Every structure is written in C-alpha cells, then in structure tokens.
Amino acid sequence: MLSMTRIGLAPVLGYLIIEEDFNIALGVFALAGLTDLLDGFIARNWANQKSALGSALDPLADKILISILYVSLTYADLIPVPLTYMIISRDIMLIAAVFYVRYRTLPTPRTLSKYFNPCYATARLKPTFISKVNTAVQLILVAASLAAPVFNYADSIYLQILWCCTGFTTAASAYSYYHYGRKTVQVIKGR
C-alpha cells in the first residue's frame, strides 16, 4: 500500500511542480519520503509484512518518483537538461539489465506468466556502494531544488555544485554496474 501511495503521489508532484506550486510540492515530497521510510521500516521489522510483490513495487515506485521529479524539475528550469538526461539514461540501462537478467535466470520453459510474476524471484540485484551514495545525492538534489524557489536560492552556486556532484555520482554508479556486472547480481537457487 505504501509503495502504491508513492506511485500515486508521483504524478501529483509532477503536476504541482509544473504549475509552480512549490510550497505544496515540498510537503507532498516529504510525505512521499515518509512513505518510503515507513515501508522500509515495516519490511525490516515485521517479517510477515514482506512480500515478493512489495519487494518489486518498492524500487519501481522509487524509479517512477525520481523520474517524474527530475523531468518536472527540469521543465521548471530548476535542474539542467543534461543532468536529467544522464539520470534517466542510467535508470533505463539498469532496467534493461534487470529485464535481461530476469530472462537469463528463468528456468525453461520461459513463459510470460513466469517472467512477469513478481512472486517467482530468480535473481536479486545488490546495489553497489556508489549507487547507494548516488541515490542519496539525487534525493538531496531533488529536495534542494524543490526548496530553492520557496526559500529564494534558485541561482545559488551551492545548487550548481550539487548538480555537478549528482552528475559525478550518477556516472560513477553507472560505471560501477558496468565494471562489477555479475558481482552485483545474486542468482537465487532452487527455482
């Protein structure tokens, strides 16, 4: 439910940003962040609340939210186009790699119902350290960019430095997945 709430909040956030209603958008972003924290807390502390569907929906909700935020913040001229292009391109490459690994790890006969069944887990992606850092930096940039028009620092040099840091960690994260490739994928046996 919490992941679905985050997915539902993503287009609302996009709309608020495009309409330049940054005060409310900042509050909705905080609510989305709270659902993510609560989702992780519940999954870690109550084993009966973990599910294959939830473990698939959580990263999907994060990708949808981040993508919509970056595109709408770029539309509002708060994040540069090349940076958004870099972030979205990296995510598309990661998603394509996940689809490929999913296909390769499914036992034969490979069927569409097996392929798209989130309860039939065949592999687990282990994020690299730099990827975790990148996620944190991307979220900090989103929060800072959303707050910039509210607190009147949209032209700040610190925001531009954060753009550079985000670009660097995004490129480093993409490279880490390319370089470490197979080491980041754990095939689940017995399927």
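Q: What kind of model is it, and which residues count for local features?
A: The model is predicted: local features need pLDDT of at least 70, side-chain atom pairs count only at pLDDT 80 or more, and totals for chains, interfaces and linings use all residues. Residues are numbered from 1 along each chain as its sequence is written, and side-chain values use heavy atoms, with hydrogens and water left out.

Q: Is Cys 164 buried or exposed?
A: Cys 164 is exposed, at 56% relative accessibility. Cys 165 is partly exposed, with a relative accessible area of 37%. Buried means under 20% relative accessible area, exposed over 50%, and partly exposed in between, with a 1.4 Å probe and protein chains only.

Q: Which residues in helix 1 are buried?
A: Ser 3, Arg 6, Leu 9, Ala 10, Leu 13, Gly 14, Leu 16 and Ile 17. After helix 1 comes Glu 20, with a positive phi near 60°.

Q: How does helix 1 pack with helix 2?
A: The angle between helix 1 and helix 2 (residues 22-45) is about 165°, and their axes are 9 Å apart. Axes are lines fitted to C-alpha atoms, for helices over the stretch in contact, and angles run from 0 to 180 degrees between N-to-C directions. The two helices are therefore roughly antiparallel. Angles under 35 degrees count as roughly parallel, over 145 as roughly antiparallel, 65 to 115 as roughly perpendicular and the rest as oblique.

Q: And what about helix 4 and helix 7?
A: Helix 4 (residues 81-105) and helix 7 (residues 157-180) pack at about 20°, with axes 10 Å apart, so they are roughly parallel.

Q: Where is Met 93?
A: Met 93 lies in helix 4 and counts as exposed at 54% relative accessibility. Its C-alpha is 9.9 Å from that of Tyr 177, 84 residues apart along the chain.

Q: Where does UniProt place the transmembrane region feature?
A: The unreviewed UniProt entry puts "transmembrane region" at residues 12-34, 83-101, 133-151 and 157-178. UniProt positions are in the numbering used here, feature names are shortened, and annotations may be inferred rather than shown by experiment.

Q: How much of residues 157-178 is helix?
A: That span is 100% helix and 0% strand, with its end C-alpha atoms 32 Å apart. Residues 12-34 are 87% helix and 0% strand, with end C-alpha atoms 16 Å apart.

Methods: Helix = DSSP H or I, 4+ residues; strand = E, 2+ residues; numbered from the N terminus.
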